[in-house]
Amino acid sequence: MPLMRPARQAERMSDDATDPALYPNRGRDAPDRGSAGVSRRTLLAGSAAVGTAATAGCSGATPGDGSGSDEGSDSGDGSDDGSDSGGDGSGPPTVYVFNTGDMTVSVIDAETDELVTTTFLGATSSFPANQFLPGMLTDDDDVLWLNVDRGVRAITVGPLSTAASLDTGSGANWQEVTPDGEHLVVSAREPTHGQYRLDADPASDSFGEVTAEIDRTDEGGRGDNDGPGPCDVTIHPDGEYAYVPDIFGDTLTVIDIEAFEIVTQVSVDPAGDADAVGPWMGTAAWDGDTLLVENNGSGTGTESIWDISDPAEPEEVTRLTADDGLGALPLTSEIGPDSETGYVFTPNSENVTVVDLVEHAVVDTLDLGGSAFVGTWGPARETLYVPVRASDEVKVVDHASRSIVDTIQVGADPYGATAGTVRPETDAAADLLATLAAVGVELPGDGTTYCIGECACGHRL
């Protein structure tokens with residue numbers, strides 16, 4: 001199939017290098033990890049918990065290696081609540097929320113929508129794999145795929161320990177697992193401008209190894225960018241193709257996953273007086289007919305709806321703007337289980353924009369009361385969980401009613417989230433470390449993450 005590649009745009013200068021959403025820490029000193037300040041509420045609650053945990057004693061945890069537990073532990077709330085999933089997918093439905101403020105992970109029961117525990121991980125993630133992965137996390141030995149530091153990392157979900165990692169040479173990374181669980185496809189933005197395919201099967205002898213890669217620097221990019229800036233990756237439900245929005249190339253790139261080569265590249269043309277579209281995030285619908293792409297350009301951003309019924313030949317059919325009711329800075333999206341409704345996270349207007357994918361129109365907005373950058377479906381794909389970073393909470397959206405039905409308090413500065421049917425093991429040591437982290441005690445950890453927009457994780461590109 002022919003490759004359709006637009007002309008290089010390096011001649012045209014842009015302000016990408018000063019975009020605060022792309023480079024939140026540029027122009028100020030970035031700490032080793034984030035701190036948005038410790039509130040009096042958090043300090044008082046944490047102080048009481050420190051005393052309780054210290055009295056209980058602790059042993060066995062090793063901070064800094066991604067481990068927050070040892071074997072034979074309970075749920076972390078003082079009771080054994082079925083953390084053993086049985087390995088058959090019948091374990092407790094669970095949502096994992098990664099808190100960038102203190103490198104903890106909050107564990108939510110997706111049946112009761114209650115917090116089970118918040119435990120110290122020593123790493124954090126803004127954009128964990130969450131498209132097909134929730135259906136694969138059924139056993140303690142299965143892995144979470146996180147964008148950590150300057151690459152991606154596999155964390156075994158039971159013990160929360162590092163199983164594999166890849167340094168891509170870039171600080172901005174996104175990853176998704178194919179529907180069959182065999183491959184992980186990675187987009188690494190500047191300075192790497194590359195695509196990687198990893199063996200994602202934990203039972204494989206080559207688990208975690210790079211099986212193919214594409215160097216895309218020769219495509220160039222807008223302004224003084226040395227490449228197209230592959231930003232995010234989403235996978236067609238047939239598992240054959242991956243879609244990559246290129247923020248500096250103003251392109252949508254289609255990758256044949258098995259051959260691991262570019263088969264199509266579509267130029268995304270600016271509209272009106274805009275200099276660039278800036279496509280940067282995308283989500284493929286479950287029925288394989290529709291693709292949502294978030295665009296950073298045109299002032300407050302735009303949202304494109306693409307037809308991917310011919311998976312290798314995507315066509316943009318609609319581009320929604322603020323005039324259509326779209327919220328500000330569309331960043332990421334999730335698509336409802338019926339493939340007819342899109343939920344677009346628009347952090348600069350502190351809401352979720354609801355899009356009818358049949359009528360190609362904005363039909364509602366959900367007020368979050370703060371900025372949210374991503375969300376994840378629970379394992380049943382009935383409920384959407386949306387971390388609201390400014391308020392340390394998760395909003396629960398019921399898809400059937402398209403409304404916010406609950407609020408769950410979690411750790412500091414929640415950002416990324418994913419789901420599964422395994423309850424991670426925790427112990428008193430991990431809980432004590434989480435409590436200390438919550439009140440601002442600096443703990444060893446080697447796992448910052450790149451955040452877009454409001455970011456206090458101190459990560460560098």
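Guide: Lys 395 is buried, with a relative accessible area of 13%, where buried means under 20% relative accessible area, exposed over 50% and partly exposed in between, with a 1.4 Å probe and protein chains only as cover. Its side chain meets that of Glu 393 in a salt bridge, 3.4 Å from N to O, a salt bridge being a side-chain nitrogen of Lys or Arg within 4 Å of a carboxyl oxygen of Asp or Glu. Glu 393 counts as buried because its relative accessible area is 12%.

This is a predicted model, in which local features need pLDDT of at least 70 and side-chain atom pairs count only at pLDDT 80 or more, while totals for chains, interfaces and linings use all residues. Residues are numbered from 1 along each chain as its sequence is written, and side-chain values use heavy atoms, with hydrogens and water left out.

Asp 392 lies in the loop between β24 (383-388) and β25 (393-398); strands here are DSSP runs of E of at least two residues and helices are runs of H or I of at least four, numbered from the N terminus. The phi of Asp 392 is positive, about 55°, although the residue is not a glycine, and Asp 392 is buried, at 14% relative accessible area. Most residues other than glycine have a negative phi, and most peptide bonds are trans. A positive phi, near 60°, is found at His 360 as well, in the loop between β21 (351-356) and β22 (361-367), but His 360 is partly exposed, with a relative accessible area of 30%.

Among the 8 salt bridges of the structure is the one in which the side chains of Arg 189 and Glu 190 meet at 2.5 Å, N to O, and Arg 189 and Glu 190 are buried. From Glu 190 the chain continues to Pro 191 through a cis peptide bond, with omega near 5°, and Pro 191 lies in the loop between β8 and β9.

Arg 216 forms a salt bridge with Asp 246, the closest N and O atoms being 2.9 Å apart. Because Arg 216 lies in the loop between β10 (210-215) and β11 (234-235) and Asp 246 in strand β12 (residues 241-246), the pair ties together parts that are 30 residues apart in sequence. Arg 216 is buried, at 0% relative accessible area, and Asp 246 is buried at 0% too. A network of salt bridges links Arg 216, Glu 219 and Asp 246.

In soluble globular proteins, nonpolar side chains tend to be buried together.
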